[in-house]
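Work through the exercises below with the structure in view. Each task is followed by a solution in steps.

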Amino acid sequence: MNKPKDLSGSQKRKLKKARCEADKKSAVFFQGYVKRLRSDNEGGECSQTTDDLDPACPPSKDAVDSDGNLDAQSVNTGDMTIATDRNNWAEKVIEKDSTVSNIDWQDPAKWPNNISDSSRVALVKLGPTKIDRNTIFPFDTDRRRFSIENCYRTLKNGEKMERSWLIYSETKDSVYCFCCKLFGLRNIPTQLQSTGFRSWRHLQDSLSSHEKSKMHIECMTDWKELKVRLDCRKTIDDENQNLIQREETYWKQVLERLVEIIKHLAKRNMAFQGTVDRLHEPNNGNFLSQVELMAKFDPILSEHVRRVQSGDLQRVHYLGKETQNEFIDILGNAIFKEISRRVVAAKYYSIILDCTSDISHEEQMTAVVRFVTVSENTVDICEHFIGFVVVDDTTGKGLYKTLLDILKSNNLELNNCRGQGYDNGSNMKGKNSGVQARILKDNKRAFFVSCSCHNLNLVVSDAGHSSVTAELFFGVLQRLFAVFAASTQRWQILKEHVNISVKSLPETRWEGKINAVKAVRFQVAEIRDALQELCRMSQGKDAKLRSELRGLCFEIESLSFLIRLVVWYDVLQVINKISKALQCPKVDLHTAMNMIDGALLQLQTFRESGFETCIATAKKMAEKLDISQTLPESRTPRTRRFFDYESQHDERPSDPMKRTQILTKSKALENYLTGEDENSDIDGRELAEELESLKAYFVAAGMTDLSALVMISHIIDKGLDEIYPNFTVTLRIFLTLPVTSASGERTFSKLKLIKTYLRSTMCQDRLNGLAAMSIEHGICNELNFSDIIASFANKKSRKVPL
């Protein structure tokens with residue numbers, strides 16, 4: 001790196017002249033400042049002392065532009081140069097900058113070339129943004145990238161010292177020097193000061209040379225001295241800093257309350273705006289009504305509302321819809337960023353996708369990530385929502401591109417995806433051109449798992465439609481609901497006889513039919529009485545209705561109907577329990593398989609011995625109804641047989657279990673977990689050795705429950721993950737695989753509550769922000785938004801009345 005040249009005589013004279021002008025300008029500024037304080041005290045508009053000066057006292061209307069910001073000509077605080085003999089940077093020529101409020105001060109690449117003194121002071125107070133260790137830095141054309149090790153300087157004795165001045169820009173993928181960016185010479189800029197340095201091959205040498213240079217040392221000295229003076233409040237504009245600090249505190253308190261109101265409304269899926277956006281007006285919306293309510297009991301908001309109504313704050317009051325949208329966007333992004341951080345920390349994850357149409361007839365795709373978090377002594381399976389996306393192309397190719405955009409926006413790498421979970425749509429699970437096939441083409445370790453709940457629903461649905469008697473039975477239940485729901489008078493008669501009203505049959509979810517069956521199963525006599533009363537009331541009025549009612553009475557008074565009622569209730573009860581259990585986000589594949597095997601065993605037992613019990617229960621119900629307890633005889637149709645073997649039951653030949661060695665299976669698993677780059681997640685040979693050792697350990701420990709979650713929890717709790725790393729990684733990947741897509745469907749329930757008929761024009765960013773706070777309310781409560789509020793308060797505090 002080239003050393004800066006010594007200044008010429010002409011340049012030194014210009015710097016000396018600039019220093020004199022800065023001193024004169026500072027003196028004139030403070031004379032005017034003191035004069036204004038005296039005039040204010042004489043006029044009685046402000047307090048008598050500078051300490052009691054109202055920080056929110058408004059400037060004149062001429063000094064406020066259309067956006068509510070102060071005019072630079074009327075308030076010249078940003079033009080003032082802090083002059084001191086010990087600050088070398090006061091001797092440098094600093095020109096006015098055109099700093100605007102929407103500059104991203106977290107990104108050094110977006111800072112203006114000429115930074116004003118007020119902005120410099122604010123940046124020094126905030127300090128450099130530390131580089132996140134969990135950030136995944138992009139590669140350049142030479143397949144090199146920035147390393148977190150560059151943030152430290154290695155001393156001769158081996159100790160490492162942090163380079164606090166090194167900051168990173170994500171937009172330009174380059175690093176900058178914080179102090180040189182603020183205090184460096186403008187006529188001889190370096191890459192670390194101006195455009196940023198991103199030659200990663202030579203970065204370590206350049207950083208070592210830069211931190212030893214004379215210019216960097218001077219800038220570091222200026223930075224540290226100013227920071228100490230700001231902390232001790234010993235700068236030349238100490239009184240101005242007092243006002244800024246007081247105003248910053250005031251706005252921080254106001255913004256804290258506004259953020260809490262936004263979080264409260266978002267968690268409960270409530271609308272924010274009304275037909276008007278003014279305080280103390282009817283129909284001004286939930287947000288302003290909450291502000292009015294809190295202002296009655298909270299002195300901070302009470303004072304803020306008073307200033308807004310009196311016109312002291314002009315148009316800058318942070319109660320408008322623009323501020324609401326901005327805070328909703330910031331809070332939502334903070335939640336998504338925290339979820340992305342957790343996923344990156346867990347490394348392996350699975351993706352769950354689903355699509356639905358919203359109230360504005362747009363196809364919304366929801367994305368949910370599933371991963372396993374491992375702490376010091378706990379293991380937890382997490383499923384988190386990462387956003388809604390409007391999709392125009394619902395083909396497998398279009399959905400795949402949308403998924404890649406979602407992963408990129410959340411800083412997630414597709415190579416770390418180990419599972420996919422979708423419903424049975426062909427565009428999602430299609431093995432040729434579906435989303436799962438396209439992902440497997442790019443990442444063969446992203447195993448596809450079809451939704452267990454959808455498969456279970458299809459099996460039960462096919463079983464119900466395959467039987468004519470079952471279809472007739474559910475048809476009777478639907479007719480019962482239709483008869484009583486046809487008018488309020490009939491429904492009132494039903495309520496007089498029963499405790500649980502009859503239910504309509506759901507169209508798709510068969511396990512939900514248990515509610516309709518249950519209402520009739522335990523209230524057959526009461527429902528019959530209600531039908532008979534309706535039949536008497538319709539006598540001589542409606543012959544069609546009376547015929548239908550008599551037909552329903554005849555149906556439910558038959559022993560065959562009662563037997564079907566008892567049988568389907570017992571069967572659907574088993575199906576309903578396993579369906580609810582499979583929808584739990586904590587369930588894993590091993591547990592799901594055990595649940596399904598248990599349900600199959602229960603149904604097989606019911607087939608062998610449960611039918612006689614159902615007949616006995618049905619006969620008791622028939623005795624209570626005083627109806628016949630015998631089944632009507634029906635002729636069994638003869639089936640013509642052409643061959644003798646057709647009379648025999650077809651039995652499936654049972655294939656013998658082929659037992660293989662642990663090493664063979666471990667090597668096969670290693671091949672499955674090997675990517676395109678020939679890197680595998682585990683070592684098969686080491687995994688086989690760990691399994692042999694663990695077999696004896698689990699027997700000695702007396703463990704009987706060997707489910708995946710119990711085993712990995714035991715290993716982590718005992719600190720054995722270092723001894724069995726391959727087995728731990730295998731369990732983490734196994735638990736990451738999704739079982740159902742129920743979490744994706746649950747987000748649609750929030751979508752219907754947020755984007756309603758009256759809020760159908762809501763933009764997508766606002767929808768995602770509100771959905772994030774509503775769905776992930778646990779993470780929203782854990783996050784600390786003090787930094788966000790402090791940043792807002794700092795921006796507001798620059799508008800200091802002088």
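**Exercise 1: a residue in a strand**

Y176 has a relative accessible area of 1% and is therefore buried. The model is a predicted one. Task: state where Y176 lies and which residues Y176 is in contact with, leaving aside neighbours within four places in sequence.

Solution. 
- Step 1. Y176 belongs to strand β4, which covers residues 174-177.
- Step 2. The cut-off for a buried residue is under 20% relative accessible area, so the 1% of Y176 falls in that class.
- Step 3. Leaving aside neighbours within four places in sequence, the contacts of Y176 include P108, A109, W165, L166 and I167. Also among them are K181, L192, Q193 and G196.
- Step 4. For Q193, 17 residues away along the chain, the C-alpha separation from Y176 is 6.0 Å.

**Exercise 2: the protein as a whole**

Task: give the helix and strand counts of the protein, then the share of its residues that is buried.

Solution. 
- Step 1. There are 28 helices and nine strands in the protein.
- Step 2. Of the 802 residues, 43% are buried.
- Step 3. The accessible surface is about 44,600 Å², and carbon and sulfur atoms account for 49% of that surface.
- Step 4. Take the contacts between residues at least 6 apart in sequence: 68% of them join residues at least 24 apart.

**Exercise 3: α14 against α16**

Task: find how helices α14 and α16 are oriented to each other, and which residues meet.

Solution. 
- Step 1. Helix α14 spans residues 468-484 and helix α16 spans residues 514-521. They pack at an angle of about 75°, and their axes are 11 Å apart.
- Step 2. Angles of 65 to 115 degrees count as roughly perpendicular, so α14 and α16 are roughly perpendicular to each other.
- Step 3. From α14, the residues F473, F474, L477 and L480 meet A516, V517 and V520 of α16.
- Step 4. Sorted by class, the contact of α14 with α16 consists of seven nonpolar residues, with no polar and no charged ones.

**Exercise 4: α15 against α17**

Task: describe the packing of helices α15 and α17 and the handedness of their crossing.

Solution. 
- Step 1. Helix α15 (residues 488-497) packs on helix α17 (residues 524-537) at about 140°, with the axes 9 Å apart.
- Step 2. This pair is therefore oblique: α15 and α17 are neither parallel nor perpendicular by the cut-offs used.
- Step 3. The crossing of α15 and α17 is right-handed.
- Step 4. On the α15 side the contact is made by Q489, R490, I493, L494 and H497, and on the α17 side by E526, D529, A530, E533, L534 and M537.
- Step 5. Five residues of the contact of α15 with α17 are nonpolar, two are polar and four are charged.

**Exercise 5: a residue of α17**

Task: decide whether L531 is buried or exposed, and list what L531 touches beyond four places in sequence.

Solution. 
- Step 1. L531 is part of helix α17.
- Step 2. Its relative accessible area is 0%, so L531 is buried.
- Step 3. Not counting residues up to four places away in sequence, L531 touches L480, F484, L549, L552, C553 and I556.
- Step 4. F484 and L531 are 47 residues apart in sequence, and their C-alpha atoms are 8.9 Å apart in space.

**Exercise 6: α19 against α20**

Task: work out the orientation of α19 relative to α20.

Solution. 
- Step 1. Helix α19 covers residues 559-582 and helix α20 covers residues 589-625. Their packing angle is about 155°, with the axes 8 Å apart.
- Step 2. Angles over 145 degrees count as roughly antiparallel, so α19 is roughly antiparallel to α20.
- Step 3. The crossing of α19 and α20 is right-handed.
- Step 4. The contact of α19 with α20 holds 25 nonpolar, two polar and two charged residues.

Technical notes:
Residues numbered from 1 in each chain as written. Predicted model: local features only at pLDDT ≥ 70, side-chain atom pairs only at ≥ 80, totals over all residues. Heavy atoms only, no water. Axes fitted to C-alpha atoms, helices over the stretch in contact; angles between N-to-C directions. Helix = DSSP H or I, 4+ residues; strand = E, 2+ residues; numbered from the N terminus. Parallel < 35°, antiparallel > 145°, perpendicular 65-115°, else oblique. Contact = heavy atoms within 4.5 Å. Nonpolar A, V, L, I, M, F, W, Y, C, P; charged D, E, K, R; others polar. Buried < 20%, exposed > 50% of the residue type's maximum accessible area, 1.4 Å probe, protein only. Areas by Shrake-Rupley, 256 points an atom, 1.4 Å probe, with all protein chains shown as cover. Left-handed = near helix turned anticlockwise from the far one by under 90°.
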